[in-house]
Amino acid sequence: MSVTVFMIRRAAYSEFNAFLKTLGNGVSTIGGINGVFYPIPSRPERPAWVNALSGKYIPATAAAGLVSQSPAGILTCRINGKLFAVCFGHGWMKLSNDWVDHSFGRRVVLNSIAEDDLRQLRSEQVLANRHRSIERSPSSAKLNDFGYESDRDLVFSVEGFCRVPPFLGVVRGGAPVRFDVDISLFPRAIFAASTRLGRGYQSKFPDIDSLVPVTLRDDVTAMDHRLDEEMSGGNVNNLVGLTPPASLEVFDQDVYFSYGRWKEVGHARSWALAYSEWTDSLAGAAVSLATAESSKVHVVDAATGRRKTSVKIRDALSFDFVRKDGHYVIFSGKWYRASPNLSVKLDAFLGSLVDSAFPPPIWNGRDDEGTYNHSACVADARLVHMDARNIFYGGGQSKFEFCDFLDPVNKVLYFVKNPCSAAGMSHLYEQARRTTELFFGNNRGYVEKLRIALLRHRADIDVSWLDVPPRGPEWEICLVSMGRAAADLPLFAKCGLMRVHRELSGRFRQVSYCVV
């Protein structure tokens with residue numbers, strides 16, 4: 001028999017019990033389960049496909065007896081002071097999202113299986129436009145056998161194979177836990193689910209809870225209240241900022257921002273998201289989270305001056321804080337809790353970052369990325385300007401930006417980004433990945449295209465260093481941040497930096513991080 005079990009949140013007991021009353025009088029259960037069963041009958045109805053075909057493609061007389069019913073039921077029981085809802089049929093569809101514990105089933109499954117008995121992960125890549133993935137293993141596997149990355153992915157559902165009764169076989173868990181059970185073991189299975197709620201599984205899967213979404217309404221309200229206090233109090237400690245939400249990752253540096261009411265002509269321009277510029281645009285209106293909900297920043301095409309899209313200020317807010325139960329951060333308008341394990345990993349990584357042996361020129365704090373890149377190459381004759389000088393390569397003639405500028409003498413590739421620009425740091429990380437794959441791979445065609453691009457823009461440059469295939473251990477990859485130290489980046493930007501550094505550091509002479 002297939003069983004689906006939810007755990008009801010204590011804060012939702014009154015709403016849940018009020019809902020049960022609408023189902024009528026339940027009946028007490030028997031056979032070893034102390035609970036109440038609420039039947040949900042259904043009336044006979046003709047399926048939609050019968051209505052569509054009847055009289056058009058099949059005789060009405062032939063369809064007359066084709067009816068269906070889908071009864072359901074909810075069995076409630078209290079075990080060890082907790083309230084559970086066992087759903088049958090479509091009974092689970094009657095439950096409100098705010099009534100249930102969203103990690104209950106996942107905890108039960110992870111506590112019930114061995115570390116090498118995972119079968120499937122459902123996760124969300126926070127730094128990849130909310131991309132959700134379902135990865136399934138053909139047989140039982142460990143967590144590191146999947147494409148899961150603890151500093152990027154939110155695991156919201158798992159499937160595994162349990163080898164001990166009562167969950168003998170495949171068991172799935174997200175908000176509910178779902179399993180097949182022999183009817184004689186049904187009471188034992190419900191009790192077992194109620195006892196496997198802890199975090200003991202973290203000894204087997206220590207990285208699986210690095211990032212956890214805050215989904216409960218009461219918790220979100222508390223987080224919002226904390227953020228609102230900081231904003232309405234004047235943001236005196238500069239803890240609240242603006243950072244590009246995931247929805248802006250499709251844009252690069254050919255856009256600027258404009259705050260306030262949109263004007264086709266004469267609108268203000270800003271090349272980076274800045275909290276102070278948004279508050280200044282309010283013209284004396286109170287600064288609060290409610291104001292951020294109703295305010296928008298406009299994303300404008302730099303070439304045409306036309307508005308591409310608008311983003312709610314709330315979705316661009318950057319703020320994180322620590323309370324007794326964890327470290328919380330808001331990103332793209334949603335709250336997340338970072339595990340202590342992730343915080344320790346990030347602190348150790350940030351402490352290991354090194355500056356470049358050949359640091360780029362200092363930024364004046366005003367210029368946009370393009371202007372800074374050009375002026376840096378004017379100030380230092382060793383540097384070769386490559387920003388926006390695309391290389392067309394591949395069968396579809398895709399265009400690639402090699403780097404922002406390079407030092408061919410000391411063999412350093414510089415990738416520059418203002419963390420508050422439209423693309424944020426994610427584009428810097430991706431550009432570094434793409435260039436290192438193409439330039440240091442076995443791609444002579446790409447190298448020849450690079451040679452042509454260099455000579456087209458600097459006819460006097462010596463490109464003889466391209467005659468020999470480039471070797472990673474001879475080069476430095478320098479990630480350049482305009483005005484923001486790595487420790488001051490938002491949590492998710494730190495995670496992205498740690499990931500790209502991990503991917504590149506073993507392949508090159510050095511991977512450095514510079515603040516200009």
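This is a predicted model: local features need pLDDT of at least 70, side-chain atom pairs count only at pLDDT 80 or more; totals for chains, interfaces and linings use all residues.
Valine 255 faces aspartate 301 of E14 across the pair.

The sheet is open and has three strands. Their order is E13-E14-E15, and the pairing is antiparallel. From one strand to the next, the twist averages 25°.

## The five-stranded sheet

Another open sheet has five strands. The order runs E11-E18-E17-E16-E12, again with antiparallel pairing. Its edge strands are strand E11 (211–213) and strand E12 (241–242). Each of these two pairs on one side only.

E11 meets strand E18 (residues 334–338) in antiparallel fashion, over three bridges. Here proline 213 has tyrosine 336 of E18 as its bridge partner. Helix H14 packs on this sheet. The helix touches E11, strand E17 (326–331) and E18. The direction of H14 makes about 95° with that of E17.

## Nonpolar cores

The largest nonpolar core has 52 residues. Those with the most contacts inside it are Phe402, Leu406, Leu413, Phe439, Leu454, Leu479 and Leu497. Helix H14 (residues 491–504) supplies the largest share of this core, eight residues.

A second core is separate and has 37 residues. Among them are Val5, Phe84, Ala141 and Tyr148.

## Cysteines without disulfides

The structure holds zero disulfides. Take cysteine 77 first. Its closest cysteine sulfur is in cysteine 87, 11 Å away, so the two are too far apart for a bond. Cysteine 77 counts as buried, because its relative accessibility is 4%.

Cysteine 478 is another case. The sulfur of cysteine 514 is the closest cysteine sulfur, at 3.6 Å. A disulfide needs sulfur atoms within 2.5 Å, so this pair is too far apart for a bond. Cysteine 478 has 0% relative accessibility and therefore counts as buried.

Note on methods
Residues are numbered from 1 along each chain as its sequence is written. Side-chain values use heavy atoms; hydrogens and water are left out. A nonpolar core is a set of buried Ala, Val, Leu, Ile, Met, Phe, Trp, Tyr and Cys residues joined through side-chain atoms within 4.5 Å. Buried means under 20% relative accessible area, exposed over 50%, partly exposed in between (1.4 Å probe, protein chains only). Helices (H or I, at least four residues) and strands (E, at least two) are DSSP runs, numbered from the N terminus. Two strands pair if DSSP finds at least two bridges between them. Axes are lines fitted to C-alpha atoms, for helices over the stretch in contact, and angles run from 0 to 180 degrees between N-to-C directions. Contact means heavy atoms within 4.5 Å.
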